[in-house]
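Welcome! Please take a moment to look over the sequence and the structure before reading on.

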Amino acid sequence: MTESNCICTVEGCGKRSRSASAKYCEMHYYRLRRNGRLQLLPRVVPPRLTAHTAGYQLLYAPHHSLAGGQPRVYEHRAVYHAHHGEGPFDCHWCAKRVTWADMHVDHLNAIVDDNRIDNLVASCPACNVKRGLDKMRRTCKQRGRLLSSRGMTMCLADWSRYLGISRAAIEARLKKGWSVHDALMPRLGRSGPRSKTRSSVGIIDFAAPGA
C-alpha cells in the first residue's frame, strides 16, 4: 500500500491511519469506540440564566467562588459579590456582622428576580427569616386568605402565631370540614377542641366535628 493510502478516511482529517490496513487514524478509531460515531456532537452551551422554582435567577458560573462546586450560583448573590467583594458586611437591618458563609442577600422590594445592585442588601439569617414571614403574611392578605372569629380577622400565619398552633394544623382542621370557629380554637390536650362548657355569658363551644 502506498503512502497516500495510509491516510485516515474521515473527510478532512489528513492524519496517518493506525496501520497500512486501517481505515482511521488513532483519534477517529478511539472516538468511534468510545462514542459510536466519528464526529463529535456540537458542544451544548448552557444558558447563562435559568429560573429557580421560587423565582430566583440562577447564573451559570461553575468557577465562581460562591458556587461551592455547583455549576450555578444565585444571580443576586453573584451581583452583590461583584460589587462589594468578599466582605465581611453589616446586616442592613440590624447591623450584625455577617460573611458569605452565613449571610443572605435580600431584595429590598421583595421581587426576587430584580437583581439590580441598588435593590440588594446584606442580611443576617434572623432578619431575612423575619422579613420572609412579613412577606408571607402580606401575600396571605393579598390572596384573600383571611379568617374571622371572635371579632378578629387575620391571615392563617397570624392566627397560627396567636393560637400557638401550626398553620398546617389549622388548614387540616378546615379540610376535615370544621367550621372556622372550631378550626380557630387553641389546642386542648392532644386532640384539640372537643367539649362544650357553659359560662355566665353563654355557651363557649369547644366541640370539633369528628373529634
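Predicted model: local features only at pLDDT ≥ 70, side-chain atom pairs only at ≥ 80, totals over all residues.

What follows is a short briefing, grouped by topic.

The mean pLDDT of the chain is 82, and 82% of the residues reach 70 or more. After that we will visit a sheet, a helix and some aromatic rings.

**The chain as a whole**

- The chain has six helices and eleven strands.
- Of its 211 residues, 31% count as buried.
- Take the contacts between residues at least 6 apart in sequence: 27% of them join residues at least 24 apart.
- Please read residues 194-211 with care, as pLDDT stays under 50 there. For this stretch the model has 31 contacts beyond four places in sequence.

**A sheet of three strands**

- In general, strands of a sheet pair through backbone hydrogen bonds, and the pairing can be parallel or antiparallel.
- Here, three strands in the order E1-E2-E3 make an open sheet, and their pairing is antiparallel.
- Which strands lie at the edges? They are E1 and E3, each of which pairs on one side only.
- From one strand to the next, the twist averages 35 degrees.
- E1 and E2 run antiparallel and are joined by three bridges. To find a spot where you can see these two strands side by side, look for Ala51, which stands opposite Gln57 in E2.

**The helix on the sheet**

- Helix H2 covers residues 75-84 and packs on the sheet, where it touches E1, E2 and E3. The direction of H2 makes about 80 degrees with that of E3.
- The buried residues in H2 are Glu75, His76, Arg77, Ala78, Val79, Tyr80 and His81.
- What do these buried residues pack against? Their partners are E1, E2, E3, strand E4 (89-90), strand E6 (104-107) and strand E7 (120-123).
- Gly85 follows H2, and its phi is positive, near 80 degrees.

**Aromatic rings**

- To describe a pair of aromatic rings, one gives the distance of the centres and the angle of the planes.
- The count for this model comes to six aromatic pairs.
- One of them is the edge-to-face pair of Tyr56 and Tyr74, with 5.7 Å centre to centre and 75 degrees between the planes.
- This pair links distant parts of the chain, 18 residues apart. Tyr56 lies in the loop between strand E1 (49-51) and strand E2 (57-60), while Tyr74 belongs to strand E3 (residues 72-74).
- Are these two residues buried or partly exposed? Tyr56 has 26% relative accessibility and therefore counts as partly exposed. Tyr74 is partly exposed too, because its relative accessible area is 30%.
- Tyr80 and Phe89 form another edge-to-face pair, with 5.3 Å centre to centre and 75 degrees between the planes. Both Tyr80 and Phe89 are buried.
- Ring pairs link Tyr80, Phe89 and Trp100 into a cluster.

**A charge over a ring**

- Where does the charged end of Arg18 sit? You will find it over the ring of Tyr29, 3.8 Å from the ring's centre.

Key:
Residues numbered from 1 in each chain as written. Heavy atoms only, no water. Phe/Tyr/Trp six-rings, centres within 6.5 Å; stacked < 30°, edge-to-face > 60°. Helix = DSSP H or I, 4+ residues; strand = E, 2+ residues; numbered from the N terminus. Buried < 20%, exposed > 50% of the residue type's maximum accessible area, 1.4 Å probe, protein only. Lys NZ or Arg CZ within 6 Å of the ring centre and 35° of its normal. Pairing = 2+ DSSP bridges. Axes fitted to C-alpha atoms, helices over the stretch in contact; angles between N-to-C directions. Contact = heavy atoms within 4.5 Å. pLDDT = per-residue confidence, 0-100.
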